[in-house]
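Reader: Can you walk me through this one? I'd like the contacts and the fold, briefly.

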Amino acid sequence: MKAVILGATKGMGRAVARALAERGDTVFLLGRDERELERSAADLRARAGKPDAVAGVAACDLEKPETFAPALDRAQACLGRADTVVVTAGLFAPQERLEADAELMRRVLTVDFTNTILFCEEARRRLLANVVTGVRGTLCVFSSVAGERGRKPVVYYGAAKAGLTRYLESLDHKYRAEGLRTICVKPGFVRTGMTEGLRPPPFAGEPEEVARDVVRAIDAGKPVVYTPRMWALVMLVIRWLPRIVMRKIGF
């Protein structure tokens with residue numbers, strides 16, 4: 001696999017990059033901070049035991065759409081032909097902070113919905129172009145269980161992720177027959193820097209567990225993956241709860 005990973009310097013993105021590199025795949029790292037990217041690349045090369053485990057790095061910021069095309073073009077040039085693009089980057093803030101800060105709310109909504117889709121469209125066009133030359137493509141994007149139902153603790157973040165989830169589902173319907181597989185990853189609570197300070201539920205997961213689930217889903221072409229797996233059962237229950245019950249609970 002030749003994979004481009006956006007958000008590869010932290011949390012779940014870093015764990016996915018590590019899982020791919022350690023099993024022999026070649027990765028290209030995208031993120032906001034080039035110094036962090038270079039440090040991550042050096043770590044991955046050491047762990048994989050070969051210098052070509054990381055083909056290169058490039059700055060790419062989901063708050064700056066003008067960085068999307070140049071970063072993906074550089075990745076494509078360094079990898080030859082990228083067959084997989086993984087998007088783990090995003091913004092999160094607790095509901096209370098978003099309600100109190102309109103600018104932060106705008107940033108979260110823009111990054112997690114509009115700009116993520118704009119990045120995916122740039123990736124989609126390149127992956128489909130590669131399909132023409134015989135390379136099947138995979139677009140794997142992290143959404144969230146927060147978008148499964150309207151929930152009081154994640155009104156704005158959940159709305160952005162719900163929209164992203166529907167976009168990814170539609171993309172898969174439209175282009176899978178043409179050779180592009182779209183995978184929507186729905187993490188539940190995972191212990192990362194993004195969730196630091198929040199009280200974890202009993203079934204909170206770790207980035208390495210998420211990475212294993214995601215790599216398996218990419219290999220199988222599975223269109224939707226809940227991770228940690230317990231969240232598939234949790235959200236099955238949540239999907240069937242009556243609206244009157246959802247109004248009363250704080251989940």
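Predicted model: local features only at pLDDT ≥ 70, side-chain atom pairs only at ≥ 80, totals over all residues.

**Contacts and fold**

Author: Start with a pair. R239 forms a salt bridge with E148, and their closest N and O atoms are 2.5 Å apart. A salt bridge here is a side-chain nitrogen of Lys or Arg within 4 Å of a carboxyl oxygen of Asp or Glu.

Reader: Where do R239 and E148 sit in the chain?

Author: In distant parts of the chain, 91 residues apart. R239 is in helix α8 (residues 230–240), while E148 is in the loop between β5 (137–142) and α6 (155–175). Helices (H or I, at least four residues) and strands (E, at least two) are DSSP runs, numbered from the N terminus.

Reader: How many salt bridges does a search of the whole structure find?

Author: The search finds 19.

Reader: Which residue does D213 bridge to?

Author: R216, with the closest N and O atoms 2.6 Å apart. Both are in helix α7 (residues 207–220), 3 residues apart, so about one helical turn separates them. D213 is buried at 7%, whereas R216 is partly exposed at 40%.

Reader: And R47, what does it form a salt bridge with?

Author: D43, at 3.0 Å between the closest N and O atoms. Both lie in helix α2 (residues 34–48), 4 residues apart, about one turn of the helix. R47 is partly exposed, with a relative accessible area of 43%. D43 is partly exposed too, at 22%.

Reader: Which residues are linked with R47 in a network of salt bridges?

Author: R14, R18, E22 and D43 are linked with R47 in that network.

Reader: Switching to cysteines. How many disulfides does the search find?

Author: It finds 0. The criterion is a pair of cysteine sulfur atoms within 2.5 Å. For C78, the nearest cysteine sulfur is that of C60, 14 Å away. C78 is partly exposed at 40% relative accessibility. For C120, the nearest is the sulfur of C184, at 10 Å. C120 is buried, with a relative accessible area of 0%.

Reader: Now the sheet. What is the strand order?

Author: 7 strands form an open sheet, ordered β3-β2-β1-β4-β5-β6-β7, with parallel pairing. Two strands pair if DSSP finds at least two bridges between them.

Reader: Which strands stand at the edges?

Author: β3 (54–59) and β7 do. Each has a single partner strand, so one side of each is left without a neighbour in the sheet. Neighbouring strands are turned by 15° against each other on average, direction ignored.

Reader: How many bridges join β6 and β7?

Author: They pair over 4 bridges, in the parallel sense. V185 has V225 of β7 as its bridge partner. Helix α6 packs on the sheet, touching β5 and β6, and its direction makes about 155° with that of β6. Axes are lines fitted to C-alpha atoms, for helices over the stretch in contact, and angles run from 0 to 180 degrees between N-to-C directions. Contact means heavy atoms within 4.5 Å.

Reader: How many residues are in the largest nonpolar core?

Author: 39 residues, and those with the most contacts inside it are V4, L30, V85, F119 and L139. A nonpolar core is a set of buried Ala, Val, Leu, Ile, Met, Phe, Trp, Tyr and Cys residues joined through side-chain atoms within 4.5 Å. The largest share, 9 residues, comes from α5.

Reader: What does F119 touch?

Author: Not counting residues up to four places away in sequence, F119 touches L6, L30, C60, L62, F68, L72, V85 and V87. Another core lies apart, with 30 residues, among them A15, A21, C140 and V225.

Reader: Last topic, the backbone. Which peptide bond is cis?

Author: The one from T227 to P228, with omega near -10°. P228 lies in the loop between β7 (224–227) and α8. In general, most peptide bonds are trans.

How values were computed
Residues numbered from 1 in each chain as written. Heavy atoms only, no water. Buried < 20%, exposed > 50% of the residue type's maximum accessible area, 1.4 Å probe, protein only.
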